[in-house]
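Please read the following briefing alongside the sequence and the coordinates.

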Amino acid sequence: MFRRMLALLIVLVMVAAITASCGQVSTPQTAEPLVWGMHTDIGTLNPIFTESANEANILNAVFSTLIKVNDELEFEPYLLEEMPVVSQDGLTYQFKLREGVKFHDGVELTAEDVKFTYEMKMAEKNAVPSRLRWERIANFEIMDKYTFYITLKEPDVTWLEGWAYAESMIVPKHILEAEFIQGGNELSKGGNFSRNPIGSGPYRFVEWRANEFVMLEAFADYFRGKPQIESIVFKVVPDLNTMLARFTNGEIDIYDRAAPDHYQQLLTLQKEGMPINIHNSPSFMSMNAIFNLRLPVFQDIAVRQALSYAFPQERFIDVVLNGVATAAHADTPPMSWAYNPNLKQYNYNPEKARQILQEAGWKSGEDGVLEKDGVRLSFTINTTTGNPVREAFQEIAKQEWEAIGAEVFIQNFEAATLFGDILRNLEFEMIVLGSAAGIDPDSKTLWHSSQRPELYGTGQNFAGFSNPRIDELLEAGLQETSQEGRIAIYHEVQQILSQEVPFLFICFFNSITAVPKNLENFKPNPTLAGNTWNISEWKLN
Amino acid sequence: MGNRYLKRLATLLLSLFIVSLLAFTLIELSPGGAMARYLENPKISQADRARIALRFGLDKPAPVRYLIWLRNTVQGDLGISLMTGRPVLTEILERLPATLKLMTFSFIISLFAAIAIGIYSATHRHSLGDNLAAACSFLFLSLPSFWFGLLMIYLFAIRLDWLPAGGMITPWFDPDKYPLPTRPFVIFWEHTRYLLMPATVLSLSNIGSWSRYMRSSMLDVVSQNYIRTARANGVPERKIVYKHALRNALTPLVTLVGLNLPSFFAGAVVTEQIFAWPGMGRLFISAAGNRDYQVLMGITIITAVLVLLGNLLADFLYAFLDPRIKCEG
C-alpha cells in the first residue's frame, strides 16, 4: 500500500513539473526583478529606529536624506536645493529644500517633515538607538514651507555628515504623527509604519516577508524621474556559502560585500564566462589589533613597536586577503582628504624587533619568554569566533611573536560576549576588531584621554591611550574651520599614532561586490551610505 | 478517570514552570547581555544604552524580570522582540507555518522511506539489498547535515540547475499567470521544488535510524507464534506482512517517532540556515545571537507546550495501535 502511494506521489510531482515548465513557455513573462542578496534579516524599515547596514541598503531606495555623499566622497545636496549655509560662528545652519518632492502617497515633503523627524528622534518614549547627533541641536526653526534653520549647542564640523546616512532619513509627518499620538506619544519599532514604510525615495515598498525578502517597485513620481529598473527584491541569505551558490546559479544578481575568500571564486566564474562585473574598491572598513595600554606589558613602547616589526603585514594582506586590502599605518584610510602618506612604517623585520626589545632591557627568562622588571612578555589575543580572517591573523601573529620571545595565547568569543563583556569591561589584553571610519577625519572618540570608557562612561578609547599632544590636536581639529589647517592637524595626529602604535594597525579592507555585467551606474560607496546610495540611477541594458 | 487527567494537567503545568525557570536562568547566565549589539556601534553612547535598557525594563534585577515575564505569559502576553519591536507571539506565529511545512514534508519522506526500507530489509534478510540498506543507514546517520546540504546545493542547484538553492518561494510568483487547468499543479510544484532539498537533508538521519528500528521490529514480530499460525493456515504472505505483522511492528516505531516530535516544532536550525528557510530555527539562532530574551523565552515555552502535547498525542496513538494498552495513566 505504501509503495502504491509513493508511486502516485511521484507521478503527481512529475505531472506538476511538466505542466509547470510548459506553463512557463507559453505564458508571457514580465521582466524579473533585480535581486540583491543580504546576509541577515532586518529589524525595521522605519529610519527612526534603524541600526544596521542591511537596513540602510533598503532604506536608501525607499527614503530620502537631505544630502548625499557620493562615491568620490563629495557632499551633494539631495532633498536640498543647495548645500546648507553655515553661520560665521559655526552654530547656525540654514537649509533650503527642493520644491515638488512627493512622498509615495502623493503628499509633498516640506520642512515640517524634517522637523517632525527630529522630534521623533528626540521623543522621550521612542526607543531610538542613537540620539548623539540629535542632542547637539539647540533649536530648530521653520521659516517657511521649504526653509528652516538649525542651531547647534556647540560648533561641530562633523555634524553635517550625519545628514547623509539612514538614521537621518525624512519620514512623513502626515502619516507617522497619527501613529505616534495613538501610541500614547510613543512610536513603536514594530509598529505599522516599520512594516509598511512610506518615503520619498525612488522605490516604493511592496512587501516584506519576514526572514525571506523585501520587494520594492519603482515610484513613478520620484522627483528625479521614474527609475529604469521596475522592481527590486532584497533576499535574505544567512549563509555566505549559500549566497555564493545562489549567485552562481543566477538566483541572486548582486552579491554585495563578498567574503574575502570568495574573491578568487568570483574571478574564476568571470573567467569562465559568467557575465558579471566584480567591483574591487577601497572602503572605510579597517581591521586592527588594540593593545590594552593599562597593562604593564603594553605600556612599554618598545614592546608595541617590536610586535609591529615582527608582524608580516604585507604578506598577510597578500596571502590571507588575496591582496584585497591596503596596509594601514594609522587610523585614517588612504582615500580620505586628511590621509598622511608619509608615516612610520613597520616593514617586516624580526631581527629589528629582537634588537628593540633587547635595547629596552627585555631579557630571556628561564622558559625562553622575555622578561623585564618582573613583567613577562605574555598576553592573550581575543577576537570573535567564526571569522577566518581574524583567526588567520591570530595564528600568524602567534607564530611570529613567539619566535621573538613572546608568549601568546588565543581565546575567542562569540560576538555578543566579546562586545558585551570582554570589550565593555576592558577585560581584554589584545583584541582584534573591525571598524568603519567616517568621512570626517576626527577621531576624538578613539584617542582623546577623556574618551577612555572607565572614566566617564563615554568614548571608544578602549586602548586607554593618553597623550597630551594628541588631546591638543584633536580638540583643535574640531575647532579649526579651514581645510588646510585641519589637514595639518590630522597629519600630525597620524604621525604620532604611527610612532606610538597604540594599535597594531593592520589594514583597510577593499570591498568586493559582484553585479551583472549589464547593470550600469553601479558605483560602490565606501561610506556608511552603502552601495545602494544611487539606486535611482541604476540601469539594466 | 477524571483524577488521572487532572494529575496529567498538573504535571504538565509543573513541567512548563520548571522549563521556563531553567531557560531563563541559562539565558541570564550566558555572557554578553542584551545590550551587547549596541556596543559595536560607535554612534550609540552610554547614555543611549542606559535609556534603551530602561525603556525595555532591562535594568531590573533578574528575579524581578522573571516574575514580570511569568505574570505576562500567564495572561497570554509573551512580550516584545528587541530586534523588531513586534510582539513575540507575532514573530513566532509568522515562522511556525514554514517550520511545520518543512517538518511535515520531511517526516512524511522519512516515514515512508523508513517503513519501506524496514519492511524490505526484514523480508529479505541478509540479501544484497538488506546489506546495502544497512550501509546507507549508517552513512546517513553520520553525515553532517550542513555539509550534505551544501553538497546537494552544489549538485542540484548549480551543476544541474534542477532545483533552487534556497528560500521558500519565488517572491514574484504569480499563480494567476498560468491557465486554470494547470494552475494547481504549478502551485504545487512551485512549493515543492523549494521544499525538496531541505526536507531530504532533514529526513536523512531519521531514515537512517527509523529504518533500522523498523527492520528489527518487523523481525521480532515475524518470529511470533501467531504469524506462524497464520502462515500455516494458508494466509497469503502479502497479507501476513502488511496486515498482521506491520501493524504490530509499527507500535515501537510510533514511540520512537513520538520522541522525535519535539524536533518537529523546534525546527531544524542548521538546515534552515543553509537553505534560507524562514522557520523557527532561524528565528532562534538570530535571537540567541542578538540576546533577544523575550523571543528566546517565547520560543522555549511554546516549544515546551507543543512537546508535551506531542507526547500526549503519541500516547493516544500508542493506545490506538495496540488494543492491549488501554487508558494508561
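Two residues are in contact if their C-beta atoms, placed from the backbone, lie within 7 Å. By that criterion, residues 24 or more positions apart account for 72% of the contacts in chain B with a separation of 6 or more, and for 66% of such contacts in chain A. This is a predicted model, in which local features need pLDDT of at least 70 and side-chain atom pairs count only at pLDDT 80 or more, while totals for chains, interfaces and linings use all residues. Residues are numbered from 1 along each chain as its sequence is written, and chains are lettered from A and ligands numbered from 1 in the order in which they are written.

**Overall dimensions and composition**

- Chain A has 17 helices and 22 strands, whereas chain B has 13 helices and zero strands; helices (H or I, at least four residues) and strands (E, at least two) are DSSP runs, numbered from the N terminus.
- A compact globule of 541 residues would have a radius of gyration near 24 Å, and the 26 Å of chain A agrees with this; the radius is taken over C-alpha atoms, and the globule rule is 2.2 Å times the number of residues to the power 0.38.
- Taken along the principal axes, the C-alpha atoms of chain A fill a box of roughly 80 × 75 × 45 Å, and those of chain B fill one of roughly 85 × 60 × 40 Å.
- Of the 541 residues of chain A, 45% count as buried, and in chain B buried residues make up 35% of the 329 residues; a residue is buried if 20 or more other C-beta atoms lie within 10 Å of its own, exposed if 12 or fewer, and partly exposed in between, with C-beta atoms placed from the backbone.

**Strand pairing in chain A**

- An open sheet of four strands has the order β4-β5-β7-β6 in chain A, with antiparallel pairing; two strands pair if DSSP finds at least two bridges between them.
- Because β4 (85-86) and β6 (137-142) of chain A stand at the edges, each with a single partner strand, one side of each is left without a neighbour in the sheet.
- Within this sheet, β5 (residues 92-96) and β7 (residues 147-152) of chain A pair in the antiparallel sense over five bridges, and A:K96 stands opposite A:T147 in β7(A).
- Helix α3 (residues 111-122) of chain A packs on the sheet and touches β6 and β7 of chain A, its direction making about 155° with that of β6(A); axes are lines fitted to C-alpha atoms, for helices over the stretch in contact, and angles run from 0 to 180 degrees between N-to-C directions.
- Strand β12 (residues 276-291) of chain A is joined by twelve bridges to the antiparallel strand β20 (residues 503-516) of chain A, with A:N280 opposite A:I512.
- β12(A) also pairs in the antiparallel sense with β19 (residues 430-436) of chain A over seven bridges, where A:M430 is the bridge partner of A:F291.

**Contact between the chains**

- The contact takes 58 residues from chain A and 59 residues from chain B.
- On the side of chain A that touches chain B, the elements giving two or more residues are α1 (2-26), β9 (213-218), β10 (231-236), α6 (240-248) and α13 (415-423) of chain A, and the largest share, ten residues, comes from α1(A).
- By class, this side of chain A has 25 nonpolar, 20 polar and 13 charged residues; Ala, Val, Leu, Ile, Met, Phe, Trp, Tyr, Cys and Pro count as nonpolar, Asp, Glu, Lys and Arg as charged, and the others, Gly among them, as polar.
- In α6(A), seven of its nine residues are buried, and these pack against β1 (34-38), β11 (254-255), α7 (263-271) and β20 of chain A together with α7 (145-159) and α11 (269-274) of chain B.
- α6(A) is followed by A:G250, whose phi is positive, near 85°.

- B:I299 is found in helix α13 (residues 293-321) of chain B and counts as buried, because it has 26 C-beta neighbours inside 10 Å.
- Not counting residues up to four places away in sequence, B:I299 touches B:I92, B:M280, B:L283 and B:F284.
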